[in-house]
Amino acid sequence: MDSDLLDKFNNVERFHWWWEGRRRLVRALLDGHTPKSILDIGCGTGETLSFLHKLYPTAKLQGIDVLPEAVIYTKKRKHKAEIGDATKLKFKASSFDALLILDVIEHINNDVQVLKEAKRVLTKDGVIIVTAPAMALIWSNHDKNQGHYRRYSRDGFETIAKKAGLTVEYISYFNFFLSPPIIFIRLLSRLPFFSFLSEYNSGFNYNIANKSGVNNVLRKVFNFEIDLAKHISFPWGISIGAKLTKD
């Protein structure tokens with residue numbers, strides 16, 4: 001991810017329908033837990049840490065990211081952050097009650113090692129929350145330009161979790177209801193004339209947050225889906241979410 005894209009995230013992440021829905025999913029997956037310490041791997045702008053601070057005001061929050069710009073953004077939000085490698089965490093074993101790996105693992109070649117390191121620094125009864133892109137069918141230049149190595153299937157993600165010695169407590173696809181137009185656009189972008197549709201930093205993706213009417217409709221649809229995901233597992237979706245614990 002380049003700094004320009006991170007800047008776009010910083011401008012819209014607080015109220016963009018997609019990020020709001022993802023935070024809603026994180027809250028649902030953390031329900032029943034009261035972590036005293038949380039590590040956000042790939043903390044980006046630090047907005048997720050701000051959200052976590054509202055949920056758990058007394059918890060110790062820590063962010064890491066490979067981008068210096070991300071660390072700067074996060075520190076501006078008054079959170080602890082440092083440059084770090086998800087495959088070689090600098091923290092001691094059993095340091096955190098909860099770890100978030102939100103749309104990060106697809107950027108790292110050795111995804112199993114990421115989960116192994118997360119397991120190492122996780123406390124005995126802690127939880128790991130992971131979200132990642134799904135559906136290899138829609139792999140496109142959008143993924144390549146963002147530095148993705150893969151999109152996940154449910155079976156594929158369960159396989160790497162098992163290799164890392166983690167138990168999958170919950171897993172489901174999400175972004176199900178809004179998937180048809182996204183799938184159509186991604187497939188259409190494979191045609192040379194429509195290749196512009198796969199531009200990963202297209203203003204359309206982020207400026208929609210400033211269109212309050214459209215953003216509100218998308219927010220309601222996505223939030224309804226996230227609430228429904230507590231009770232059912234969707235058969236497909238643009239993303240996948242999981243809650244992992246130690247064996």
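1. Ground rules. This is a predicted model, with local features needing pLDDT of at least 70, side-chain atom pairs counting only at pLDDT 80 or more, and totals for chains, interfaces and linings using all residues. Residues are numbered from 1 along each chain as its sequence is written, and side-chain values use heavy atoms, with hydrogens and water left out.

2. Overall fold. The protein chain has 10 helices and 7 strands; these are DSSP runs numbered from the N terminus, helices being H or I with at least four residues and strands E with at least two. The C-alpha trace spans about 50 × 40 × 30 Å along its principal axes. A compact globule of 247 residues would have a radius of gyration near 18 Å, and the 17 Å of the protein chain agrees with that (taken over C-alpha atoms; the rule is 2.2 Å times the number of residues to the power 0.38).

3. Of the 247 residues, 53% count as buried, where buried means under 20% relative accessible area, exposed over 50% and partly exposed in between, using a 1.4 Å probe and protein chains only. Take the contacts (heavy atoms within 4.5 Å) between residues at least 6 apart in sequence: 75% of them join residues at least 24 apart.

4. Helices α2 and α3. Helix α2 (residues 17-30) packs on helix α3 (residues 47-55) at about 40 degrees, with the axes 11 Å apart. Axes here are lines fitted to C-alpha atoms, for helices over the stretch in contact, and angles run from 0 to 180 degrees between N-to-C directions. The pair is therefore oblique; under 35 degrees would be roughly parallel, over 145 roughly antiparallel, 65 to 115 roughly perpendicular, and the rest is oblique. On the α2 side the contact uses R22, R23, V26, R27 and L30, and on the α3 side E47, T48, F51, L52 and L55. That makes 5 nonpolar, 1 polar and 4 charged residues (nonpolar: Ala, Val, Leu, Ile, Met, Phe, Trp, Tyr, Cys and Pro; charged: Asp, Glu, Lys and Arg; polar: the others, Gly among them).

5. Helices α5 and α7. These two pack at an angle of about 50 degrees with their axes 8 Å apart, so α5 is oblique to α7. D111, V112, L115 and K116 of α5 meet I160, A161 and K163 of α7. The contact residues split into 4 nonpolar, no polar and 3 charged.

6. What covers α5. In helix α5 (residues 111-121) the buried residues are D111, V112, V114, L115, E117, A118 and V121. Their cover includes β4 (96-102), β5 (122-133), α7, β6 (166-174) and β7 (239-246).

7. K163. This residue is found in helix α7 (residues 154-163) and counts as exposed at 57% relative accessibility. Leaving aside residues up to four places away in sequence, K163 touches V112 and K116. K163 and W139 are 24 residues apart in sequence and 24 Å apart in space, C-alpha to C-alpha.

8. Two backbone spots to look at. M135, in the loop between β5 and α6 (141-146), has a positive phi of about 70 degrees although it is not a glycine. M135 counts as buried, at 15% relative accessibility. N175 also is not a glycine and has a positive phi, of about 60 degrees. N175 is found in the loop between β6 and α8 (179-188) and is buried, with a relative accessible area of 2%.
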